[in-house]
Amino acid sequence: QVQLVESGGGLVQAGGSLRLSCAASESIVNMNSMGWYRQAPGKQRELVARIIDGGSTMHVDSVKGRFTISADNAKNAVYLQMNSLKREDTGVYYCNLVVRDFDGRELGYWGQGTQVTVSS
C-alpha cells in the first residue's frame with residue numbers, strides 16, 4: 001500500500017511563503033491524479049491544486065497566481081509552492097493520490113497532513 005509523507009508546513013506571517021512536499025513510498029503506477037487538499041478549522045476538506053495524469057495542472061480560484069503545484073516523477077513526489085500567504089490559507093494540508101488498479105477502479109490515498117498557520 002502506498003504511503004504518502006508530507007513535510008514543509010509551519011508558521012508564517014501573512015505575505016510569506018512555504019513549500020510543501022509529498023513523497024510516495026514507492027513508484028506510482030497508473031496515476032490518475034496527485035494533489036493537495038486543505039482543511040481549515042470547522043470546515044470541510046477542500047481541493048487546493050492537483051496534477052492530472054499527463055501532466056496538466058489545476059488550481060482552485062482562491063490560490064491561482066499564488067500557489068503552484070509541481071511534481072518530480074523520478075522522486076515520486078509532488079510539491080506545493082505557496083506564496084503571498086493569507087490568513088485564510090491556514091489549515092491542515094493533505095497530500096492525495098488517486099491511482100487506477102488493474103480492474104480500472106480508482107483507489108485513493110492520503111497523507112497524514114501538515115499544519116500551515118498564517119499569522120497577521
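## The disulfide

A disulfide is counted here when two cysteine sulfur atoms lie within 2.5 Å of each other, and in general terms such a link is a covalent bond between the sulfur atoms of two cysteines. In this predicted model, the structure holds one disulfide, which joins C22 to C95 with an S to S distance of 2.0 Å. The link of C22 and C95 is left-handed, with -80° about the S-S bond.

The pair links distant parts of the chain, since C22 lies in strand 3 (residues 18-24) and C95 in strand 9, 73 residues apart; strands are DSSP runs of E with at least two residues, numbered from the N terminus. Both cysteines are buried, C22 with a relative accessible area of 1% and C95 with 0%, where buried means under 20% relative accessible area, exposed means over 50% and partly exposed lies in between, for a 1.4 Å probe and protein chains only.

## Basis of the values

The model is predicted, so local features need pLDDT of at least 70 and side-chain atom pairs count only at pLDDT 80 or more, whereas totals for chains, interfaces and linings use all residues. Residues are numbered from 1 along each chain as its sequence is written, and side-chain values use heavy atoms, with hydrogens and water left out.

Rings of Phe, Tyr and Trp (its six-membered ring) pair if their centres lie within 6.5 Å, and planes under 30 degrees apart count as stacked, over 60 as edge-to-face and the rest as tilted. By this rule the count comes to two aromatic pairs. In one of them, Y37 and W110 are edge-to-face, at 5.0 Å centre to centre with 70° between the planes. Because Y37 lies in strand 4 (residues 31-39) and W110 in strand 10 (residues 106-110), this pair ties together parts that are 73 residues apart in sequence.

W110, which counts as partly exposed at 41% relative accessibility, also pairs with Y94: their ring centres are 6.4 Å apart and their planes stand at 90°, so this pair is edge-to-face. Y94 lies in strand 9 (residues 91-100) and W110 in strand 10, so the pair ties together parts that are 16 residues apart in sequence. Y94 is buried, with a relative accessible area of 13%.

## Charges over rings

A charge sits over a ring if NZ of Lys or CZ of Arg is within 6 Å of the ring centre and within 35 degrees of the ring normal. The charged end of R45 is placed over the ring of Y94, 3.6 Å from its centre, and R19 lies over the face of Y79, at 4.2 Å from the ring centre.

Technical notes. Helix = DSSP H or I, 4+ residues; strand = E, 2+ residues; numbered from the N terminus.
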